[in-house]
Amino acid sequence: MIASLALAAALVRADVLISAGHEGRPASCARFPRRRCNLGAAGERAWTPLVADEATRVLRAHGVRVVREPADFHGRFAVDAAVFIHFDGSTRPCSSGASIGYHDAAYRGAADAWRALYGAYAPFRFMPDDFTVGLRDYYAYRQIRARDASLVLEFGELTCPAQHAWLASHLRFEGDLLAFYLSRLIGKGDVPLPAKIDKHAPSSHARGRFARRARTR
Ligand SMILES: [Zn+2]
């Protein structure tokens, strides 16, 4: 009885949780000695907070309650959606791309919707969902109870010069697009689609597919 009360008290509720991959490491690793202190691809730790902060700023401006966390954090969270932001790295440059991870097949539709949306802009491919153990069994999934989605989102491969260049010039856009996606996914905030940025702007077809998925949720 006391234990269950303590658990209930520890469950933090919010609309969305956004975690920036590797942010706060290596300093935070000492508090979580059982985790691998993965510092990410070169440059990744500097970029994940930029995307996370921008998405958080836009969502909060539209009335969405966001819990913004670094890589390592305590507690358990009940949210509509959680995302863990990363960029990939590869020992064989340009052999990877963007990707999505999730542990629960119930989130596949949300993954499909992100792929359709981001894939309409990003000029590089998506790897198969859960193509690494880190994507499928991400350490922080167990801290989240999510209604709509709990996803690791890898935005692209930093070790690929062409992808690195595109990502570097679209960091703010990535945050804005993520805010739009999360707002639609959870049905709150009504964040607008970011302004058209370049020739990779999505077709109305891609937008339509996303809207249909969001409605049929
Ligand atoms: Zn990473």
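What pLDDT does the chain average, and what share of the residues score at least 70? I looked this up before anything else. The chain averages a pLDDT of 90, and 86% of the residues score at least 70; pLDDT is the predictor's confidence in each residue, from 0 to 100. I note that this is a predicted model, in which local features need pLDDT of at least 70 and side-chain atom pairs count only at pLDDT 80 or more, while totals for chains, interfaces and linings use all residues. Residues are numbered from 1 along each chain as its sequence is written.

**Entry: overall layout**

I count seven helices and six strands in the chain. These are DSSP runs, numbered from the N terminus: helices are H or I with at least four residues, strands are E with at least two. The order along the sequence is α-β-β-α-β-β-β-α-α-β-α-α-α. Burial came next: 42% of the 217 residues count as buried. A residue is buried if 20 or more other C-beta atoms lie within 10 Å of its own, exposed if 12 or fewer, and partly exposed in between, with C-beta atoms placed from the backbone. Among contacts with a separation of 6 or more, 82% are between residues 24 or more positions apart. A contact requires the C-beta atoms of two residues, placed from the backbone, to lie within 7 Å.

**Entry: strand 2**

I then turned to strand 2 (16-20). Five of its five residues are buried, so strand 2 is largely enclosed by the rest of the structure. Val-16, Ile-18 and Ala-20 lie on one side and Leu-17 and Ser-19 on the other, and both faces are covered. Strand 2 pairs with strand 3 (residues 66-69) in the parallel sense over four bridges; pairing requires that DSSP finds at least two bridges between two strands. Ser-19 has a bridge partner in each neighbour: Glu-69 in strand 3 and Phe-84 in strand 4.

**Entry: the largest nonpolar core**

Which residues have the most contacts inside the largest nonpolar core? They are Val-16, Leu-59, Ala-81, Val-83, Trp-114, Leu-151 and Leu-182, in a core of 55 residues. Such a core is a set of buried Ala, Val, Leu, Ile, Met, Phe, Trp, Tyr and Cys residues joined through C-beta atoms within 7 Å. Strand 2, helix 2 (44-61), strand 4 (76-88), helix 3 (108-119), strand 6 (144-157) and helix 6 (171-186) each give two or more residues to this core.

Leaving out residues up to four places away in sequence, Ala-81 touches Val-16, Ala-146, Asp-148, Ala-149, Leu-182, Leu-185 and Ile-186. Trp-114 sits in helix 3 and is buried, with 23 other C-beta atoms within 10 Å. Beyond four places in sequence, Trp-114 is in contact with Ile-100, Leu-151, Leu-153 and Tyr-181. Trp-114 and Leu-151 are 37 residues apart in sequence, and their C-alpha atoms are 9.9 Å apart.

**Entry: helix 5**

The buried residues of helix 5 (residues 161-168) are Gln-163, His-164 and Leu-167. They fall within an arc of 100° seen down the helix axis, so they line one face of helix 5; the arc is that of the directions from the axis to the C-beta atoms. They pack against strand 4, strand 6 and helix 6. Pro-161 and Ala-165 are exposed on the face turned away from the buried side.

**Entry: backbone exceptions**

Most residues other than glycine have a negative phi, and most peptide bonds are trans. The peptide bond from Arg-25 to Pro-26 is cis, with omega near 5°. Pro-26 is in the loop between strand 2 and helix 2, and His-22 is also placed in the loop between strand 2 and helix 2. His-22 has a positive phi of about 70° and counts as buried, with 25 C-beta neighbours inside 10 Å. Cys-94, in the loop between strand 4 and strand 5 (99-101), has a positive phi near 70°. Cys-94 counts as partly exposed, with 14 C-beta neighbours inside 10 Å.
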